[in-house]
Amino acid sequence: MPLTPDQEAEIADLRSTARPTLRTVSEGAEKHLYTAHPVLDHGFVRLIDYMGDDAAICQAARVSYGKGTKSVQNDEGLIRYLMRHWHSTPFEMCEIKLHVKLPVFVARQWIRHRTANVNEYSARYSILDREFYIPAPDALAAQSVVNNQGRGEALSGAEAERVLRYLTDDAMRAYDHYEEMISQDGQQGLARELARMNLPANIYTQWYWKVDLHNLLHFLRLRADTHAQYEIRVYADAICNIVRDWVPAAYAAFEDYRLGGATLSAKALDCVRRMLAGETVTQETSGMSKGEWREFDGVIGG
């Protein structure tokens with residue numbers, strides 16, 4: 001369970017308190033404020049604050065032209081134009097702050113996106129909870145024979161049981177020793193900042209993550225992709241659901257041009273033109289490597 005009864009009561013209290021404001025409000029984002037969306041076995045994503053909406057993107061794009069005339073249809077068309085032509089600055093006018101609870105190994109992959117502001121729970125000052133990510137059986141997979149950083153077929157039977165037993169037993173044993181090493185009343189013990197080194201990478205941490213919309217969409221383009229690691233992809237999917245309601249026009253354009261679109265190299269584009277002209281193009285005649293051709297074939301073949 002990702003939330004305790006006390007945490008749920010705190011969220012209910014926050015959501016019950018309304019405050020008047022003169023700033024731009026997104027009704028779609030408002031319904032997500034403070035609500036924890038469960039992810040994995042103990043994790044969650046929670047919208048803490050946001051700034052701007054679809055109109056703020058258009059306002060920034062039109063700043064050199066004054067107010068002019070506009071409509072919702074014009075705004076959607078402008079946003080699609082900005083997305084299509086990779087204009088980033090107007091999207092930077094919107095920001096979002098999330099509270100995320102996630103396994104440490106997911107956090108270390110996530111932090112590679114260095115365009116956000118992050119404040120993480122400190123195990124130097126506080127004691128981490130006994131919460132570990134233990135994959136569901138269908139998320140256990142062997143190493144891919146095609147992709148060196150991907151997964152292959154799911155484990156089953158005795159092999160899956162053996163791996164789950166190791167993951168659970170090792171995590172609990174490490175936490176037992178962590179507790180025993182920490183300084184307690186009447187015992188000198190070890191400093192918390194040192195005791196934490198023994199904990200496994202599947203223990204949960206938490207952070208506040210604030211990012212502008214442009215960089216958030218870049219994060220989602222990579223992490224909501226089907227090729228992304230499952231454990232970070234489910235967080236990206238949860239964030240996508242929030243962003244879809246927060247800035248619906250921007251998200252629709254993002255979904256069309258980024259998530260659902262594809263970028264073709266000059267060689268790939270040449271192959272498409274040759275195919276449209278009736279030529280049979282193969283990997284050998286394409287000028288592409290086997291890997292490039294496999295990816296190209298995946299795009300045009302669906």
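**View 1. The largest nonpolar core of the predicted model.** Seven of its 50 residues touch the most other members: Trp110, Leu213, Leu216, Leu220, Tyr235, Val243 and Trp246. Helix 9 (residues 230–246) gives the largest share, 10 residues. A second, separate core has 11 residues, among them Ala123, Tyr178, Ile182 and Ala195. A nonpolar core is a set of buried Ala, Val, Leu, Ile, Met, Phe, Trp, Tyr and Cys residues joined through side-chain atoms within 4.5 Å. Buried means under 20% relative accessible area, exposed over 50%, and partly exposed in between (1.4 Å probe, protein chains only). Helices (H or I, at least four residues) and strands (E, at least two) are DSSP runs, numbered from the N terminus. Residues are numbered from 1 along each chain as its sequence is written. In this predicted model, local features need pLDDT of at least 70, side-chain atom pairs count only at pLDDT 80 or more, and totals for chains, interfaces and linings use all residues; side-chain values use heavy atoms, with hydrogens and water left out.

**View 2. Contacts of leucine 220.** Neighbours within four places in sequence are left aside; leucine 220 then contacts Asp225, Ala236, Ile239, Cys240, Val243, Phe254 and Leu259. Contact means heavy atoms within 4.5 Å.

**View 3. Cysteines without disulfides.** The structure holds zero disulfides, a disulfide being a pair of cysteine sulfur atoms within 2.5 Å. For cysteine 240, the nearest cysteine sulfur belongs to cysteine 94 and is 16 Å away. Cysteine 240 is buried, at 4% relative accessibility. Cysteine 271 is also buried, with a relative accessible area of 0%.

**View 4. Salt bridges between separate parts of the chain.** A salt bridge is a side-chain nitrogen of Lys or Arg within 4 Å of a carboxyl oxygen of Asp or Glu. The count comes to 15 salt bridges. Lysine 31 and aspartate 245 form one of them, 3.3 Å from N to O. Lysine 31 sits in the loop between helix 2 (27–30) and strand 1 (36–39), and aspartate 245 in helix 9, 214 residues apart. Lysine 31 is partly exposed at 49%; aspartate 245 is partly exposed at 24%. Glutamate 95 and lysine 210 also pair, at 3.4 Å, N to O. This pair links strand 3 (residues 95–103) to strand 7, across 115 residues.

View 5. Glutamate 255 and arginine 244 meet in a salt bridge of 3.9 Å, N to O. Glutamate 255 lies in helix 10 (residues 248–259) and arginine 244 in helix 9, so the bridge ties together parts 11 residues apart in sequence. Glutamate 255 is partly exposed at 37%, and arginine 244 is partly exposed at 33%. Elsewhere, salt bridges that share partners join Arg130, Asp176 and Glu179 into one network.

View 6. Asparagine 202 lies in the loop between helix 7 (192–195) and strand 7 (204–212). Asparagine 202 is buried, with a relative accessible area of 11%. Beyond neighbours within four places in sequence, its contacts are Pro103, Phe105, Glu131, Phe132, Tyr133, Ile134 and Ala171. Glutamine 283 is in helix 12 (residues 283–286) and is buried at 18% relative accessibility.
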